[in-house]
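Open the model in your viewer and start with the whole chain in cartoon.

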Amino acid sequence: MRQKSIGISFAIIASSFYGLLPLCWRYVPLPTLLLILDRCLFTFVISGVILLIIGEWETVRNFSLNVIAKVAKPAFYLALHLGFFMGAIALGHQVEAAIGMFLAPAATAVLSTILLGEKLNTIKRFCVGISVFSAIIFFYEAQEIPYFAVLIALTWGLYLCERKHALKMVSNPLAYSWLEQSLIVVVLIVIVIFNSVFPANVQPLTAVNSSAFLVLAGGCALATIASFLQSKASQMIDCSQVGMLGVLSPVVQFIVAVLVDQKPVTILQLCAMTLLLTAVLLYNCPPLKKTTL
């Protein structure tokens, strides 16, 4: 029970950190592809340094081709998710990006039952339905066809499920994060090199002032910590539970948008937010024990 509580705490903190990331990225004047590259590269370097300091580098050196191939699948889905999410924000589809993260918990819960064989009781299925209904409310207000939202939700759900599989082969979540990010970095570097717009951005960070650079570093640090905590949580609790707690990420985004951007809040949005938080609370409540006379 204590391990489950710790896993839930890790997932909550990770989701909250992920919710703060869009606030960081908006102040960094870099193309989406280069922003994703910098984020993954930072996690790759920091994770490697920490592994060296704590004497766990031997774990990385012993990775077999089978382990690398297993981690490559969630790394692929994470790269797609980051591309869709950051691309949506860069193209001005912030609402769709938020709706995608509202749909992600439901997508994760459904995919985890199919791919991982996890069981959902009646209450948990009801909570998944609530999260879908809440996302529909936000979509109704946005009045847009949610192509990005669906892609963001599906890729995130597939990523969490495949990561659950991969973490069975890599017990150290920090070593897992290093390998995952290294695979993404290698692919992104190749893409950037062959990208036709790359000559105009040979030294992209030189165009970033000191303040923006600090924001970039802070955002990358948050992403690194969130990735580690969520990986650790995936080892302690069900994938569907990690997915449902992930709904806190768009809730934090919504709160930031209201406080920072002074965006108006409608009654429908407040209702949807209340339903989402209620669903998360019900989903993570321990089952009631039957009393015996």
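**Guided tour**

Of the contacts in the chain with a separation of 6 or more, 89% are between residues 24 or more positions apart. Keep in mind that this is a predicted model.

Colour by secondary structure next. The chain has twelve helices and zero strands, and reading along the sequence gives α-α-α-α-α-α-α-α-α-α-α-α. The radius of gyration is 19 Å, close to the 19 Å from the globule rule for 293 residues, so the chain is as compact as a globular protein of that length.

Select the charged side chains, Lys and Arg as positive and Asp and Glu as negative. There are 17 positive and 11 negative charges, and their mean positions lie 12 Å apart.

Hide the surface and go inside. Buried residues make up 48% of the 293 in the chain. Which residues have the most contacts inside the largest nonpolar core? Select Trp25, Phe102 and Trp156; the core they belong to has 75 residues.

Centre on Trp25 and show its surroundings. Leaving aside residues up to four places away in sequence, Trp25 touches Leu35, Arg39, Met86, Leu216, Gly219 and Cys220. Finally, select Ala109, Cys127, Val128 and Ala279, which are among the nine residues of a second, separate core.

Notes. Residues numbered from 1 in each chain as written. Predicted model: local features only at pLDDT ≥ 70, side-chain atom pairs only at ≥ 80, totals over all residues. Heavy atoms only, no water. Helix = DSSP H or I, 4+ residues; strand = E, 2+ residues; numbered from the N terminus. Rg over C-alpha atoms; globule rule 2.2 N^0.38 Å. Buried < 20%, exposed > 50% of the residue type's maximum accessible area, 1.4 Å probe, protein only. Contact = heavy atoms within 4.5 Å. Charge placed at Lys NZ, Arg CZ, Asp CG, Glu CD. Core = buried A, V, L, I, M, F, W, Y, C linked by side-chain atoms within 4.5 Å.
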